Amino acid sequence: MRKIVVGAFMSLDGIMQAPGGPEEDPIGGFKFGGWAAPYFDQTMTEAVGEMFARPFDLLLGRKTWDIFAAHWPYVDADDPIGPLFDRINKYVATRNPELKLGWQNSHSLGTDAVAAVRKLKAGDGPDLLTQGSTDFLKTLLTNDLVDELNISIFPLVLGKGKCLFGDAAMPSKLKLVSSKVSGTGVTINKYVRDGDIVTGSFEFETPTDAELERRRKLT
């Protein structure tokens, strides 16, 4: 069985939109495209390299595929990422059955992307790695398909934009398996699934009259 691994750059307030450049995704009037670039240092570069060091196929939303297809095939041959992205499989979620995926080794997930992802996940092959793809990520999280999250949290608040988690994300407990901080203050975290959410309580064993009244008012 293959794992689905999320790779995401995120602001403190959970926004993922357009980390790479001003024209990457200005949808909704987003004004801060390129917010991640000033924070890249050697630690960040090494973290990205580690994520791409193990075998993987890409699992992308259509808009992120568009961004990648307009960039990575055109970088220099000695670029560490472009040739790698060219040769691996790229599975794309799209609502347009007529979309032509001209970038080599690109494959549409078809009319039922969730079913297609489940089939890929159940088969043999390398991990399925997401990049960007905020809308598609919400679908994966809602359907409880994510096994690992690699989230780099940048020390800034963007205020509005496309967020990683939506209201429909499947509740789950995660285990932090590694964490480090770049010289620019980015926390680079890896989480894996860790079962169901466990709750506890700091309340008195016997609630006070004031607490009982508070609960009554809530209903």
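Trainee: Which residues does the UniProt domain annotation cover?

Mentor: UniProt positions are given here in the numbering used for this structure, feature names are shortened, and annotations may be inferred rather than shown by experiment. In this case an unreviewed UniProt entry carries the annotation "domain: Bacterial bifunctional deaminase-reductase C-terminal", which covers residues 2–187. Residues are numbered from 1 along each chain as its sequence is written. This is a predicted model, in which local features need pLDDT of at least 70, side-chain atom pairs count only at pLDDT 80 or more, and totals for chains, interfaces and linings use all residues; side-chain values use heavy atoms, with hydrogens and water left out.

Trainee: How many helices and strands does the chain have?

Mentor: Helices (H or I, at least four residues) and strands (E, at least two) are DSSP runs, numbered from the N terminus. The chain has six helices and eight strands, and from the N terminus on the order is β-α-β-α-α-β-β-α-β-α-β-β-β-α.

Trainee: Is Leu128 buried or exposed?

Mentor: Buried means under 20% relative accessible area, exposed over 50%, and partly exposed in between (1.4 Å probe, protein chains only). Leu128 counts as buried because its relative accessibility is 0%. Leu128 belongs to strand β5, residues 127–131. In the chain, 41% of the 219 residues are buried.

Trainee: Which residues does Leu128 touch, beyond those up to four places away in sequence?

Mentor: A contact means heavy atoms within 4.5 Å. With residues up to four places away not counted, Leu128 touches Arg2, Lys3, Ile4, Val5, Asp57, Leu59, Tyr91, Leu120 and Lys121. For the chain, among contacts between residues at least 6 apart in sequence, 70% join residues at least 24 apart.

Trainee: Which residues line the largest cavity?

Mentor: On a 1 Å grid over the protein atoms alone, a cavity is a set of points where a 1.4 Å probe fits but cannot get out, and lining residues have an atom within 4 Å of a point. Grid points are joined across faces, edges and corners, and a volume is the space filled by probe spheres set on the points. The structure holds one cavity of 30 Å³ or more, and the largest cavity contains about 40 Å³ of space. Its lining consists of Val5, Met51, Arg54, Pro55, Phe56, Asp127 and Leu129.

Methods:
On a 1 Å grid over the protein atoms alone, a cavity is a set of points where a 1.4 Å probe fits but cannot get out, and a pocket is an open set with protein on both sides within 12 Å along at least five of seven lines; lining residues have an atom within 4 Å of a point.
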